Amino acid sequence: MTAVLLALTALDAHSHRHLEKAAALAAATGMRLRLAYCGAGHNVFDSPLARLEQRARHLGRQFELVVEAIEEAMTSLDVLRFHAGKSTLLCLTGVPPASQARQTGADWLARALRLHTVPILVMHTHTPSTYHKVLVPVSLRTDSSHLLRWATALAGRARIDVFHVADIPEVASRTLDDAGPIVLEHFMRHACVDVYQKMAQLARGLIGTRGALHCAAVHGQVPERILAQQRGHRHELVVVGCGQRRCLSWPLWGDPLAVTLTHELQSDVLIVPKAQPRKAWLPALGRRATT
């Protein structure tokens, strides 16, 4: 089954670069590209759906790619859910913090997060279309392998930094009153060794041979540590997981980490749900060189 990248566009000032990046990513990963209009209002003298169809033909010729324009505007969550259910990846436009379109982008991200199942790529226009450095924050749980599969699927030749933020000092502080310094030091050392063993075991499953893999573990506040790691190494893509929420829960409350990273980072962010990935397209776990 051919994978499909669904790109939502408002056909505004940011759309030209955004659609070109989406087309380049689809061509590099072998996906088909579908374009959907998510703007507000229709003008009978300048139909956005007609311009979208024209843009699809242009991108198809430019990238030698199969590009389709959906002949229906994304006017509700039900319409978005219907078309996203036929897609492998949903692509949204990331806008700068000072932009007037920031609130609109946040609204569409909130709607997309309520789908629970389709991964969401928030793509900025100023970042390169080819990813050379990818940051993958992992919790070392069973869903961590899903994040690595998506990282290798979108950037198979990139340097992938597997990053874990541990709560070791918080756990150790609770035992400080009942343990001496020697026992506490032994506990900390044992906990660090256990974390690195889990990360090495997870890294052995990465596919590919041309990319590089690096593992790092720190302690502290999770959002601040991830932000500092990305800004220090200038990753073009950050792959983060998100948990499933109840139907009535507000997505901005249910997943603060993914939303925080999307708003704070000026790099592309891929939000992967904990649901099982689509095995028809995602690569199987294989062997990858580790350093």
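Predicted model: local features only at pLDDT ≥ 70, side-chain atom pairs only at ≥ 80, totals over all residues.
Residues are numbered from 1 along each chain as its sequence is written, and side-chain values use heavy atoms, with hydrogens and water left out.

**Helix 2**

- Helix 2 covers residues 48-63, and its 16 residues should span 22 Å at 1.5 Å a residue, which agrees with end C-alpha atoms 22 Å apart; the expected span is 1.5 Å times one less than the number of residues.
- Its buried residues are Pro-48, Leu-52, Arg-55, Ala-56, Leu-59 and Gly-60, where buried means under 20% relative accessible area, exposed over 50%, and partly exposed in between (1.4 Å probe, protein chains only).
- Seen down the axis of helix 2, these buried residues fall within an arc of 135 degrees, so they line one face of the helix; the arc is that of the directions from the helix axis to the C-beta atoms.
- On the other side of helix 2, Gln-54 and Arg-61 are exposed.
- Helix 2 lies across strand 1, strand 2 and strand 3, and runs at about 160 degrees to strand 2; axes are lines fitted to C-alpha atoms, for helices over the stretch in contact, and angles run from 0 to 180 degrees between N-to-C directions.

- Ten strands form an open sheet in the order 3-2-1-4-5-10-9-6-7-8, with mixed pairing; two strands pair if DSSP finds at least two bridges between them.
- Strand 3 and strand 8 (212-219) stand at the edges with a single partner strand each, so one side of each has no neighbour in the sheet.
- From one strand to the next, the twist averages 20 degrees.
- Strand 1 and strand 2 run parallel and are joined by six bridges, and Ala-7 stands opposite Leu-35 in strand 2.
- Helix 8 (residues 222-233) lies across strand 6 (133-137), strand 7 (159-166), strand 8 and strand 9 (237-242), and runs at about 155 degrees to strand 7.

**The nonpolar cores**

- The largest nonpolar core has 46 residues, and Leu-33 and Val-134 have the most contacts inside it; such a core is a set of buried Ala, Val, Leu, Ile, Met, Phe, Trp, Tyr and Cys residues joined through side-chain atoms within 4.5 Å.
- Not counting residues up to four places away in sequence, Leu-33 touches Leu-5, Ala-7, Ala-22, Ala-23, Ala-26, Leu-59, Leu-65, Val-66, Val-67 and Glu-68.

**Residues to look up**

- Lys-21 sits in helix 1 and is buried, with a relative accessible area of 2%.
- Leaving aside neighbours within four places in sequence, Lys-21 is in contact with Met-123, His-124, Thr-125, Thr-127, Pro-128, Ser-129 and Asp-268.
- Leu-11, in the loop between strand 1 and helix 1, has a positive phi of about 55 degrees although it is not a glycine, and counts as buried at 17% relative accessibility.
- Glu-64, in the loop between helix 2 and strand 3, has a positive phi of about 50 degrees although it is not a glycine, and counts as exposed at 76% relative accessibility.

Methods:
Contact = heavy atoms within 4.5 Å. Helix = DSSP H or I, 4+ residues; strand = E, 2+ residues; numbered from the N terminus.
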